[in-house]
Amino acid sequence: MKPKVSDRFWNGAERPKSKREFFNAVTTPAPTGEGATVATIRMYGPIDSWGGWWGISTKDVGQVLDALPESVEQIVLRINSPGGECFEAVAILNMLRAHKAKVLAVVDGLAASAASVIASGCDETVMSPGTQMMIHKPSVFSWGDAEDLRKDASILDTIEKSLVDIYAAKAGENDWAQLLADETWMTAAEAVALGLADREAVIPDAGEAATVGDENVIVIVTDDDADDATDHLPLRDWAAAHAIQTPVSTEPVDTKQQKEDLVSYEDLKAGLRERLGVTDADASDVTLLGALDIQLTEPPAAIITEAPEGTVLVDAEVFATLQTNAAAGLEAREQQISDRRDAIVSTALAEGRIAAASRQSWRDQLDKDEEGAAALLATLPKNTAVPVTEIGRSDDIDSSESLAKAAGWTAENKEEVA
């Protein structure tokens, strides 16, 4: 069965309807009498900080430990768990260690991953026949750039060192890094041989030499509706108070409408991908869950209901026309600038400030720095590169007689000259 996003650490198993299905505690008189009490805590589900039916949290275990009577001198922690959050597991282990009672961990089925941390960290660890223990490297769902991922990898290294300290304190020195990297699965005998468990044995429920009786028995359970005072009644009274009753409703049930309202899992995944911005059509449930976690932790974007002061909103077609006109205006403006710079060079050439051969170089300089180039041209003396000053002008007279007269020749001196 493919796990669903909402399953978290249940890994596709059928979700429980109540916390009581996988987590509770029973206290019973110790076999030695003398007023001492044994508390049996059954941890038969994943370890999850979300609590509720998601899994067993530090808060859940804390509530149980707080409710134990002062006479409790031994806690039998019965474990069948696939693991879960490692920090939550370490916190639960330290809460058990801090309790004045001696803690006996009994693996009834599986103590994997984070659950192995709790099992091996107790005062004594017993593997029931046919059980398994598994240890592996810590992992994390991560999102971010390369620096974020490198930082997360460094954090995982420190977490691994902390877990190795717990295993080594129980079993002594070993190549724990390799054992974790190999994801080591152990039978009951192998766990004992490695040192993570002390022995293999069958431990009767509610204490090694006692079974639950009718007197002085307390059931402690935690759930979303744990405010009900009957949750702390003696076992026989609690069962009567929580007798199953068939729900009664006067409203008609439209089963056809219920079926129409159902959404297939694949359609649900497709909708989640679209809303979370995940473009990979084959994205796994883990990827979708990571994207959802990011969305839940990031503050929602502010919704703008009106434009800020100074903002003008226009129709899309009007905006397109404005863009076209602006482009045409920009082209005309650029032509004006080019014509002006051409005129500056032409004037300098006409005034004899520059030679024709340097015309293009001055034009290029004007494109780079018009103000500076124009100012420099103005400082060049006129009529130096090419003489352009007027040195004479002829009258509009073309007859020889007129020319002679202009030269001062008269009829009288013509003969003399002749």
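Serine 113 is buried, with a relative accessible area of 16%; buried means under 20% relative accessible area, exposed over 50%, and partly exposed in between (1.4 Å probe, protein chains only). Serine 113 sits in the loop between β4 and α3, and its phi is positive, about 55°, although it is not a glycine. This is a predicted model, in which local features need pLDDT of at least 70 and side-chain atom pairs count only at pLDDT 80 or more, while totals for chains, interfaces and linings use all residues. Residues are numbered from 1 along each chain as its sequence is written, and side-chain values use heavy atoms, with hydrogens and water left out.

**The chain as a whole**

- The protein chain has 15 helices and nine strands; helices (H or I, at least four residues) and strands (E, at least two) are DSSP runs, numbered from the N terminus.
- Of the 418 residues of the protein chain, 35% count as buried.
- Among contacts (heavy atoms within 4.5 Å) between residues at least 6 apart in sequence, 64% join residues at least 24 apart.

**Confidence**

- The average pLDDT of the protein chain is 77, and 69% of the residues score at least 70; pLDDT is the predictor's confidence in each residue, from 0 to 100.
- Over residues 1-5, pLDDT stays under 50, and the model has 14 contacts beyond four places in sequence for them.
- Where pLDDT is low, the predicted coordinates should not be read in detail.

**Strands around β6**

- Strand β6 (residues 132-135) runs parallel to strand β4 (residues 102-112), joined by three bridges; two strands pair if DSSP finds at least two bridges between them.
- Within this pairing, leucine 110 has glutamine 132 of β6 as its bridge partner.
- β6 also pairs with strand β7 (residues 184-187), this time in the antiparallel sense and over four bridges.
- Here methionine 133 stands opposite methionine 186 in β7.

**Helix α3 and its neighbour α4**

- α3 is mostly covered, as eight of its eight residues are buried; these are Ala114, Ala115, Ser116, Val117, Ile118, Ala119, Ser120 and Gly121.
- The axes of helix α3 (residues 114-121) and helix α4 (residues 146-171) come within 9 Å and cross at roughly 35°; axes are lines fitted to C-alpha atoms, for helices over the stretch in contact, and angles run from 0 to 180 degrees between N-to-C directions.
- From α3, the contact is made by Ser116, Val117, Ser120 and Gly121, and from α4 by Leu163, Ile166, Tyr167 and Lys170.
- By class, this contact has four nonpolar, three polar and one charged residues; Ala, Val, Leu, Ile, Met, Phe, Trp, Tyr, Cys and Pro count as nonpolar, Asp, Glu, Lys and Arg as charged, and the others, Gly among them, as polar.

- Most residues other than glycine have a negative phi.
- Glutamate 183, a residue other than glycine, has a positive phi near 50°.
- Glutamate 183 is found in the loop between α5 (176-181) and β7, where it is partly exposed, with a relative accessible area of 41%.
- Leucine 289 lies in helix α10 (residues 285-297) and is buried, with a relative accessible area of 10%.
- The C-alpha atoms of leucine 289 and phenylalanine 141 are separated by 8.9 Å, although the two residues are 148 residues apart along the chain.
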